Amino acid sequence: MTVFEWKSEYAVGNEIIDRQHARLLDLANIVTDACSNGRGVEVVDRAFDALYHYTRHHFGCEEELFQERPPSELSNHKKKHQALVDEVKQLHVANGMGLLVDTLESLCDWITLRLVPHMIDDDRALAAAPGERSESATATGD
């Protein structure tokens with residue numbers, strides 16, 4: 001089941017980042033598929049684990065690619081990354097402990113309300129050439 005499809009409006013204009021963002025959505029689909037098909041706790045846990053680890057990997061790559069950005073911008077972006085990593089880790093742990101009422105709904109909310117907006121707004125703004133601002137960042141006053 002494909003819940004999260006890569007869309008061109010998610011692109012930030014950097015091939016490496018865009019490819020990794022698409023992979024994050026693929027991993028989210030694996031978790032949602034495991035949840036919706038009742039694949040069992042072990043499969044869901046492994047899928048969540050893969051999503052968590054790839055999220056951390058991706059953010060590290062992104063931060064390396066943007067080393068030339070002003071330190072305050074990069075520092076702010078790293079804080080946003082850490083918050084997202086903490087959130088997916090909390091979902092993973094809560095799922096493993098049986099604390100989530102609806103794992104699928106919780107994950108879908110995190111993807112649609114946190115990860116995708118981060119890709120579209122925050123990553124696009126940071127990926128813009130130094131001195132330029134993306135339309136979304138300008139529109140929100142960031």
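The following legends describe close-up views of a predicted model.

**View 1. The largest nonpolar core of the predicted model.** This core comprises 28 residues, of which Leu 25, Leu 51, Leu 107, Trp 110 and Ile 111 touch the most other members. Two or more core residues come from each of helix H1 (15–36), helix H2 (41–65), helix H3 (71–96) and helix H4 (103–127). Another core, of 6 residues, lies apart from the largest one and includes Phe 66, Leu 74, Leu 126 and Ala 127.

**View 2. Surroundings of Leu 107.** When residues up to four places away in sequence are not counted, Leu 107 touches Ala 28, Val 31, Thr 32, Phe 48, Leu 51 and Leu 91. Both Leu 107 and its contact Leu 51 are among the core residues that touch the most other members.

**View 3. Helix H2 and its buried residues.** The 25 residues of H2 should span 36 Å at 1.5 Å a residue, and the end C-alpha atoms of the helix are 36 Å apart, in agreement with that value. Buried residues of H2 include Val 44, Ala 47, Phe 48, Leu 51, Tyr 52 and Tyr 54. Thr 55, His 58, Phe 59, Glu 62 and Glu 63 are also buried. The buried residues of H2 pack against H1, H3 and H4.

**View 4. A nonpolar patch on the surface.** Val 93, Met 97 and Leu 99 form this patch, and together they have about 310 Å² of accessible area. Val 93 is located in helix H3. With a relative accessible area of 37%, Val 93 is partly exposed, because this value falls between the 20% limit for buried residues and the 50% limit for exposed ones.

Definitions and conventions. Residues are numbered from 1 along each chain as its sequence is written. This is a predicted model: local features need pLDDT of at least 70, side-chain atom pairs count only at pLDDT 80 or more; totals for chains, interfaces and linings use all residues. Side-chain values use heavy atoms; hydrogens and water are left out. A nonpolar core is a set of buried Ala, Val, Leu, Ile, Met, Phe, Trp, Tyr and Cys residues joined through side-chain atoms within 4.5 Å. Buried means under 20% relative accessible area, exposed over 50%, partly exposed in between (1.4 Å probe, protein chains only). Helices (H or I, at least four residues) and strands (E, at least two) are DSSP runs, numbered from the N terminus. Contact means heavy atoms within 4.5 Å. The expected span of a helix is 1.5 Å times one less than its number of residues. Patches are made of residues with over 30% relative accessible area and no salt bridge: like charges are joined within 9 Å, nonpolar side chains (Val, Leu, Ile, Met, Phe, Trp, Tyr) within 5 Å. Accessible areas come from the Shrake-Rupley method with a 1.4 Å probe; for residues, only the protein chains shown count as cover. A salt bridge is a side-chain nitrogen of Lys or Arg within 4 Å of a carboxyl oxygen of Asp or Glu.
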